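Student: I have the sequence and the model open. Could we go through the sheet and the aromatic pairs?

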Amino acid sequence: MRAGANIRDAAAGRRTRVHVVSDVHGNTEALARAGDGADALICLGDLVLFLDYADHSRGIFPDLFGAENTGRLVALRTARRFDEARALGRTLWAGLDREAAITGAVRRQYAEMFAALPTPTYATYGNVDMPDLWSEYAAPGTTVLDGERVEIGGLVFGFAGGGLRTPMRTPYEIGDEEYAAKIEALGEVDVLCTHIPPEVPELVYDTVARRFERGSRALLDAIRRTRPRYSLFGHVHQPLARRMRIGATECVNVGHFAATGRPWVLEW
């Protein structure tokens, strides 16, 4: 962060610079530098690395079961053979305390990543995160928001975390109505910050995984109705379109931070 910076200095005529990341997936080294030169960092979730579709040696799953089994699981998921993927998982997990193993590994990852976050950071959950643990690791300089608003440099930012339910059954997937209620609670904001994108084919299609991820219709409706300046999100790692305009709103996938190590920059 800038030395002595205050995000409210914009009122005195100084420009405000915010860096935005999403889908960190264990890239702690880059996360520690993500706020350099900015007045604030915004994190749109997915801190946890359960498995890496590109590198089958990285993550909680390969640490437990090896790269070969991770490759088998990724191949089944990519082919949308979810029943077979779950059957493989049940076989591998047999005899192990799954919840204890995952929670312990997530705690270790969170301890490192939350310690790397600069001050101030504004963060919301991704679909692979475990929200119940965040309060244990978020330092005073990190503000966690979900269905809530905050003012940064004179602009109002609204945050809604998590994802919608899918066959993948990741930890923080919720129902469409619950998610829509969070979006509705934000009201009119200048910048909408979510983990998942609005439900637009070009924004939800992953060109490498070759599938449509779940976007939110409620988010799309809110963009059309309230016309924020920006809608910022992640979730889709290799989207068909990284940005597009919907009416008055610039919709931006801020990027797969785990792979790029580079934040997206918003300055005003």
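Tutor: First a definition: a residue is buried when its relative accessible area is under 20%, exposed when it is over 50%, and partly exposed in between. The model is a predicted one.

Student: Are tyrosine 110 and tryptophan 134 buried or exposed?

Tutor: By the cut-off, buried means under 20% relative accessible area. Tyrosine 110 and tryptophan 134 both fall in that class: buried.

Student: How many aromatic pairs are there, and what is the geometry of tyrosine 110 with tryptophan 134?

Tutor: The count is 12 aromatic pairs. In the pair of tyrosine 110 and tryptophan 134, the centres are 6.2 Å apart and the planes stand at 85 degrees. Planes over 60 degrees apart count as edge-to-face, and this pair is edge-to-face.

Student: Why is the pair of tyrosine 230 and tryptophan 264 given its class?

Tutor: The ring centres of tyrosine 230 and tryptophan 264 lie 6.1 Å apart. Their planes meet at 65 degrees, so the pair is edge-to-face.

Student: Which accessibility class does tyrosine 230 belong to?

Tutor: Tryptophan 264, with a relative accessible area of 16%, is buried. Tyrosine 230 has 23% relative accessibility, so it counts as partly exposed.

Student: Which are the edge strands of the open sheet of 5 strands?

Tutor: The order of the open sheet is β4-β3-β2-β1-β15, with mixed pairing. The edge strands pair on one side only, and they are β4 (142-144) and β15 (264-267).

Student: In which sense do β2 and β3 pair?

Tutor: Leucine 41 stands opposite threonine 121 in β3. Strand β2 (residues 40-43) and strand β3 (residues 121-123) share 3 bridges, and the sense is parallel.

Note on methods:
Residues numbered from 1 in each chain as written. Predicted model: local features only at pLDDT ≥ 70, side-chain atom pairs only at ≥ 80, totals over all residues. Heavy atoms only, no water. Pairing = 2+ DSSP bridges. Helix = DSSP H or I, 4+ residues; strand = E, 2+ residues; numbered from the N terminus. Phe/Tyr/Trp six-rings, centres within 6.5 Å; stacked < 30°, edge-to-face > 60°. Buried < 20%, exposed > 50% of the residue type's maximum accessible area, 1.4 Å probe, protein only.
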